Amino acid sequence: MKQEIVIKVTVNGPKSRSKALQIAVGLSGVESAGLGGQDKSQIEVVGDGVDAVELVNLLRKKVGYAELASVAAVAEKKEVNESAVQPVAWPMYGGGMPQTYIYPIHPPNYYQDLSRFIM
């Protein structure tokens, strides 16, 4: 089941923001992570089977203050219009390997030596 986790994090600058995002993305099951909120102090994580408590604990250890704001299930979007999706038929390339002829290389007096066998 996909879920969206919102975590409030105290960030001191862009370095701590990127570190927090790296920690969030490194957790197993995370599909996407981004910054949210007015001052970009919230991390929004979407994933399947993500442990929210483990993520908050990792952020507390590595970044600083972190608070779990919300955990909500994400509804699956299935708005695929079957008539809009058309298979693409690519034209076939009829080429292949070019035909080459291999010319034999003979010694300089090869044809003179053949003349003795013909007569």
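A: A crossing is left-handed if the near helix is turned anticlockwise from the far one by less than a right angle, and right-handed if clockwise. Helices (H or I, at least four residues) and strands (E, at least two) are DSSP runs, numbered from the N terminus. The model is predicted: local features need pLDDT of at least 70, side-chain atom pairs count only at pLDDT 80 or more, and totals for chains, interfaces and linings use all residues. Residues are numbered from 1 along each chain as its sequence is written, and side-chain values use heavy atoms, without hydrogens and water.

Q: Which hand does the crossing of helix 1 and helix 2 have?
A: Helix 1 passes helix 2 in a right-handed crossing. Contact means heavy atoms within 4.5 Å. Lys 19, Ala 20, Ile 23 and Ala 24 of helix 1 meet Leu 55, Leu 58, Leu 59 and Lys 62 of helix 2.

Q: Why is the pair Lys 2 and Glu 31 called a salt bridge?
A: The term needs a side-chain nitrogen of Lys or Arg within 4 Å of a carboxyl oxygen of Asp or Glu. Lys 2 and Glu 31 meet at 3.2 Å, N to O. Lys 2 lies in strand 1 and Glu 31 in strand 2, so the pair ties together parts 29 residues apart in sequence.

Q: How exposed is Lys 2?
A: Its relative accessible area is 26%, so Lys 2 is partly exposed.

Notes: Buried < 20%, exposed > 50% of the residue type's maximum accessible area, 1.4 Å probe, protein only.
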